[in-house]
Amino acid sequence: MLWWTKQQLKSKNFDVRLKAIEKLEAEGTVKAGKGLMAVFGDPEEAVRKAAAKAVGSMRHEEFLQPLARLLRDKSETIRETASDALRQLRSPEAISHLEPLLSDPAANVRWQAARALESFSWAPDNNATAARFAVARGKIEEAASYGRQQYRLRKQAGVNNSNFAKVSA
């Protein structure tokens, strides 16, 4: 049965591939997860997203590196989903892959990375990272407390820098 489900991941039919992902997720084994990783390169974003979500829900630590590679996907939706999947794995090794996402151009990716880092009780080791972490969580005033050199981060978060001067004064 597992063999046939893995074969369905190769179908040209989008719905068949999604149904196969659901079946493999329900299986929950490492073998099923390895089959799911085969569609991490699927041209359809929804298929990649469903596969990443399914692999994360299986919580097998050996999936960390394949999920970490998805953090470089061109789609912000995939990067966001991979961040959450890494959080679900609960492996402290995920931290080094998640921290760079605090500078991702997409706000939802930064937020998901911050959420994942919080789940590990992670703490920034310098002011610049602390400011990025605060911005990612939407805590702009907290980011301001790390100094005026953080203008770029505030701009990335869509905050008017002229208003920031009033907040940080």
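Me: Where is Arg-90 placed?
Reply: Arg-90 is in the loop between helix 6 and helix 7. Helices here are DSSP runs of H or I with at least four residues, strands are runs of E with at least two, and both are numbered from the N terminus. This is a predicted model, in which local features need pLDDT of at least 70 and side-chain atom pairs count only at pLDDT 80 or more, while totals for chains, interfaces and linings use all residues. Residues are numbered from 1 along each chain as its sequence is written, and side-chain values use heavy atoms, with hydrogens and water left out.

Me: What is the phi of Arg-90?
Reply: Phi is positive for Arg-90, at about 60°, although this residue is not a glycine.

Me: Is Arg-90 buried or exposed?
Reply: Arg-90 counts as exposed because its relative accessible area is 57%. The cut-offs are under 20% for buried, over 50% for exposed, and in between for partly exposed (1.4 Å probe, protein chains only).

Me: Then what about Arg-59, and where does it lie?
Reply: Arg-59 belongs to the loop between helix 4 and helix 5. Its phi is near 55°, again a positive value in a residue other than glycine. With a relative accessible area of 43%, Arg-59 is partly exposed.

Me: Stepping back, how many helices and strands are there?
Reply: The protein chain has 12 helices and zero strands. Of its 169 residues, 46% are buried.

Me: And what share of the contacts involves residues 24 or more positions apart?
Reply: Such pairs account for 51% of the contacts with a separation of 6 or more. A contact means heavy atoms within 4.5 Å.

Me: Back to helix 6, then. What is its reach?
Reply: Helix 6 has 14 residues and spans 20 Å from its first C-alpha to its last, close to the 20 Å expected at 1.5 Å a residue. The expected span is 1.5 Å times one less than the number of residues.

Me: What touches Gln-112?
Reply: Gln-112 lies in helix 8 and contacts Glu-80, Ser-83 and Asp-84, again leaving aside neighbours within four places in sequence. At a relative accessible area of 6%, Gln-112 is buried.

Me: New topic: how do helix 3 and helix 4 cross?
Reply: The axes of helix 3 (residues 30-37) and helix 4 (residues 45-58) come within 9 Å and cross at roughly 160°. Therefore helix 3 is roughly antiparallel to helix 4. Axes are lines fitted to C-alpha atoms, for helices over the stretch in contact, with angles from 0 to 180 degrees between N-to-C directions. Angles under 35 degrees count as roughly parallel, over 145 as roughly antiparallel, 65 to 115 as roughly perpendicular and the rest as oblique.

Me: Which residues make that contact?
Reply: Ala-32, Gly-33, Leu-36 and Met-37 in helix 3 meet Ala-51, Ala-54, Val-55 and Met-58 in helix 4. These comprise seven nonpolar residues, one polar and no charged. Nonpolar covers Ala, Val, Leu, Ile, Met, Phe, Trp, Tyr, Cys and Pro, charged covers Asp, Glu, Lys and Arg, and the others, Gly among them, are polar.

Me: Last one: what does Phe-133 touch?
Reply: Phe-133, in helix 9 (residues 127-136), touches Leu-102, Ala-114, Leu-117, Glu-118, Trp-122 and Pro-124, not counting residues up to four places away in sequence. Its relative accessible area is 7%, so Phe-133 is buried. The C-alpha atoms of Phe-133 and Ala-113 are separated by 8.9 Å, although these residues are 20 apart along the chain.
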